Amino acid sequence: MDRLWVPHRMVYVKDHHQPTQHDCPFCEAPEKGDEDALIVARGETAYVILNLFPYNNGHMLVCPYRHIASYDEATPAEVAEIGALTQRAMRVACEVMGCDGFNLGMNQGAIAGAGVAAHLHQHIVPRWASDANFFPIIAKTKALPQLLGEVREKLATAWADPPDGVQPE
Ligand SMILES: [Zn+2]
């Protein structure tokens with residue numbers, strides 16, 4: 001856990017400047033195509049995107065489309081959809097990647113380790129019993145953008161075509 005939530009993931013943020021709506025990666029992403037933006041799925045009020053700086057393979061973020069910083073600013077519809085998308089992302093990740101568990105969570109505020117504190121996002125980090133060194137090993141053998149593109153493709157395909165027993169929300 002320590003390694004997962006340390007506040008060094010400031011790579012999205014230049015010069016410790018928190019983005020406004022106009023230069024926010026989580027506002028810009030939905031304006032691009034799914035492949036370019038690494039978007040796995042889009043809902044009505046929120047969407048699911050691969051983390052460009054993953055802690056582990058299949059690390060997804062659930063973001064509302066609205067540029068809000070805090071979970072308590074989310075509307076009931078956004079709260080419900082963030083929850084539903086999180087559940088579905090877990091099922092899809094289990095199906096595609098066979099993971100053993102997850103870390104779920106939101107860092108609220110830069111002080112709590114949020115890289116993009118200005119735009120709410122929930123982390124979904126798949127975990128495997130033997131994952132301690134998994135990602136560094138595969139990342140060394142493939143360029144990261146290619147790897148992320150392949151992971152997005154697998155997750156998005158499974159998301160769009162749930163097998164029997166996996167109900168769309
Ligand atoms: Zn934003």
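These are my notebook entries on one predicted model, from its overall make-up down to a single residue.

**Ground rules.** I number residues from 1 along each chain as its sequence is written. Because the model is predicted, I read local features only at pLDDT of at least 70 and side-chain atom pairs only at pLDDT 80 or more, while totals for chains, interfaces and linings use all residues.

**Elements.** I found 6 helices and 5 strands in the chain; these are DSSP runs numbered from the N terminus, at least four residues for helices (H or I) and at least two for strands (E). From the N terminus, I read the order α-α-α-β-β-β-α-β-β-α-α.

**Sheet.** The 5 strands form an open sheet in the order E1-E2-E3-E5-E4, with antiparallel pairing. Strands pair if DSSP finds at least two bridges between them. I noted E1 and E4 (101–105) as the edge strands, each pairing on one side only. E2 and E3 share 5 bridges.

**Core.** Which residues have the most contacts inside the largest nonpolar core? Among them are Val40, Ile49 and Met60, in a core of 31 residues. Such a core joins buried Ala, Val, Leu, Ile, Met, Phe, Trp, Tyr and Cys through C-beta atoms within 7 Å; buried means 20 or more other C-beta atoms within 10 Å of a residue's own, with C-beta atoms placed from the backbone. Helices H4 (76–97) and H6 (144–160) each supply at least two core residues.

**Ile49.** I looked here last. Its bridge partner in E3 is Leu61. Leaving out residues up to four places away in sequence, Ile49 also touches others, including Ala29, Val40 and Cys63; contact means backbone-placed C-beta atoms within 7 Å.

Notes. A residue is buried if 20 or more other C-beta atoms lie within 10 Å of its own, exposed if 12 or fewer, and partly exposed in between; C-beta atoms are placed from the backbone. Two residues are in contact if their C-beta atoms, placed from the backbone, lie within 7 Å.
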